[in-house]
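Me: I am new to reading protein models. Can you take me through one, feature by feature?

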Amino acid sequence: MELLSFQYFLFLIFLSIYLYQHFFISPKKYKATGFTVYPIVGTLPSFLKNRHRFLDWTTEILTTCPTNTAVFRRPGKIGGIITANPSNVEHMLKTNFDNYPKGDRFISLIEDFLGHGIFNADGELWKVQRKTASYAFNTKSLRNFVMENVKTEIQSRLIPCLAKAAETGCRLDLQDVLERFAFDNVCKLAFNVDPVCLGGGDGERASGSDEFMKAFDDAATLISGRFLYAFAFVFKIKKFFNVGSERRLKESIATVHNFADSIIRSRMEIEELGDHQDLLSRFIGITEDNNSPEFLRDIIISIILAGRDTTSSALTWFFWLLSSRPRVQLAILKELATIRIRNGKSIGDTYNFDELRDMHYLHAAISEAMRLYPPVPVDTKACLNDDVMPDGTILRKGWFVTYHAYAMGRMEGIWGKNCREYSPERWLKDDDGTCQVESAFRFPIFHAGPRMCLGKDLAYIQMKSIAASVMERFEIDVPNKNTCPEHLLSLTLRIKGGLPVRVLSRNA
Ligand code: HEM
């Protein structure tokens, strides 16, 4: 009997060792998929080990895949692909657009915050909003409204704030300043309310609406954290018991919704009296069938989210990149001086639309910063039906499909051997120095196809105006300029801990 139990014991030990080795020690590498795939747990161990450096880890893997596309498997039936291949990007965003919606999983994860606003809707719900929004975004009067707001905020807040930092010699978190600027600006655009989150030289900020920005920030960060759970049921349990991050999320969403609701209700009551230029008024005017306060709130919050951290992210990385590249700084300053001389302007005068359009080198320098540090570095859709990508990758119904804009900026096949170098010149035409347009499938920074970003032109107006006004007056000095800051990956690509800078007056 004892011998039998000993043999039984030995059998168990050997079985455990075999299973352990089979499942955990000898992972199989699926040919041409790139990720190490373990039985049962799929790619989960590698994901957990590398999720803090998700973008660089996945870029390394995509670089080694023959078609820059990798298959990703997680426990349960979650499978998907990550691609940095322009033909695949074109297929998912345009050619077979209907097969790649945002999908129920994505939508349900952020629904608590965004409802069914344009950024979080598919099918008919999305189409109605897209049509309305395209109409509103494509008017000259909206462009003028944006130009006017940007000009006012630069002159009355951004410049005084930087001038004060230059005068006192105090360090400033440039990322925070740019995020505050963008938030004030997009709120003005969305509902003509100025939250005054960026104080001027006196540093004065409006307290009530500062709370709105803080709540918006928390809600966006906490909701994007839901994507990083290894198992979605964990956040669902936290939500059910209203504990931890889910409790904080619920509170911040309530603050955001209350703030937006109060503006929308009061505006709907008095709308016929006003002549507002903002998007809310335009939506009230054109969406007669669909202008419930909730519908308007969803679409407005989506737009704030879409425009909030994107331009600030691009500019933060732009200023960091420039801090160690005096040659590029000089080229931009030279271009600005040429435009000023041609139009009889002085430093401090703001630039009009035509002058901004003539800033080809600056346009290239900003685009190049976004190529290497895309504000939206990865973007995910769902696969509705089995499909085959142009590179031959097979996709199953229900899988996710992610295009990796960050990796695409680092692919030799797209940008050549010097793909990791920051070189604005790659955008300029040899003959006349104008900035060339790149295919949106090779450079999908603003998305592509029917869901392409609606704010692209407004974003360039804002970014070029800020960069020009700041650079001609100040030098932005970044301590540790030669070390790449750590990524903070929320819905956009930010810098962990902010970007502390010293501001120096150029004419000092
Ligand atoms: C550098 C700045 C910006 C970048 C890189 C950018 C990028 C993007 C990307 C990648 C998407 C697609 C997201 C998705 O559906 O998966 C998008 C959508 C969108 N963007 Fe932008 N964006 C920028 C600025 C803005 C601004 C300033 C606004 C407006 C205030 C804006 C409004 C929108 C809207 C409304 C959509 C939704 C389009 C749709 O789903 O049909 N964006 N943007």
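Me: Where in the chain is cysteine 453 found?

Reply: Cysteine 453 sits in the loop between helix H18 (412-415) and H19. Helices (H or I, at least four residues) and strands (E, at least two) are DSSP runs, numbered from the N terminus. Residues are numbered from 1 along each chain as its sequence is written. This is a predicted model: local features need pLDDT of at least 70, side-chain atom pairs count only at pLDDT 80 or more, and totals for chains, interfaces and linings use all residues.

Me: Is cysteine 453 buried, exposed or partly exposed?

Reply: Start with the cut-offs. A residue is buried if 20 or more other C-beta atoms lie within 10 Å of its own, exposed if 12 or fewer, and partly exposed in between; C-beta atoms are placed from the backbone. Cysteine 453 has 19 C-beta neighbours inside 10 Å, so it counts as partly exposed.

Me: Which residues does cysteine 453 touch?

Reply: A contact needs two C-beta atoms, placed from the backbone, within 7 Å. Leaving out residues up to four places away in sequence, cysteine 453 touches Phe446 and His447. The UniProt annotation "binding site", from an unreviewed entry, also covers Cys453. UniProt positions are given in the numbering used here, feature names are shortened, and annotations may be inferred rather than shown by experiment.

Me: Which residues come nearest to the ligand?

Reply: A residue is near a molecule if its C-beta atom, placed from the backbone, lies within 6 Å of it. There are 24 residues around the ligand, and Ala306, Gly307, Thr310, Cys453 and Gly455 come nearest. Helices H6 (123-137), H8 (174-191), H13 (293-323) and H19 (456-473) each supply at least two residues of this shell. H13 gives the most, with six residues.

Me: What classes of residue make up the shell around the ligand?

Reply: Here Ala, Val, Leu, Ile, Met, Phe, Trp, Tyr, Cys and Pro count as nonpolar, Asp, Glu, Lys and Arg as charged, and the others, Gly among them, as polar. The shell has 16 nonpolar, five polar and three charged residues.

Me: How do I check the span of helix H14?

Reply: The expected span is 1.5 Å times one less than the number of residues. H14 (residues 326-342) has 17 residues and should span 24 Å; its end C-alpha atoms are 24 Å apart, which agrees.

Me: Which residues of H14 are buried?

Reply: Val328, Ile332, Glu335 and Leu336 are the buried residues of H14. They cover an arc of only 95° around the axis, so they lie on the same side of H14. That arc is taken from the directions from the helix axis to the C-beta atoms. The face turned away carries the exposed residues Pro326, Arg327, Leu330, Lys334 and Ile341. What covers the buried residues includes H13, helix H16 (360-372) and H19.

Me: How many residues of H16 are buried?

Reply: H16 is mostly covered, with 11 of its 13 residues buried. Its buried residues pack against H13, H14 and H19.

Me: What should I look for in phi?

Reply: Most residues other than glycine have a negative phi. Histidine 447 has a positive phi of about 70° although it is not a glycine. Histidine 447 lies in the loop between H18 and H19. Asparagine 192 also has a positive phi, near 50°. Asparagine 192 is in the loop between H8 and helix H9 (207-225).
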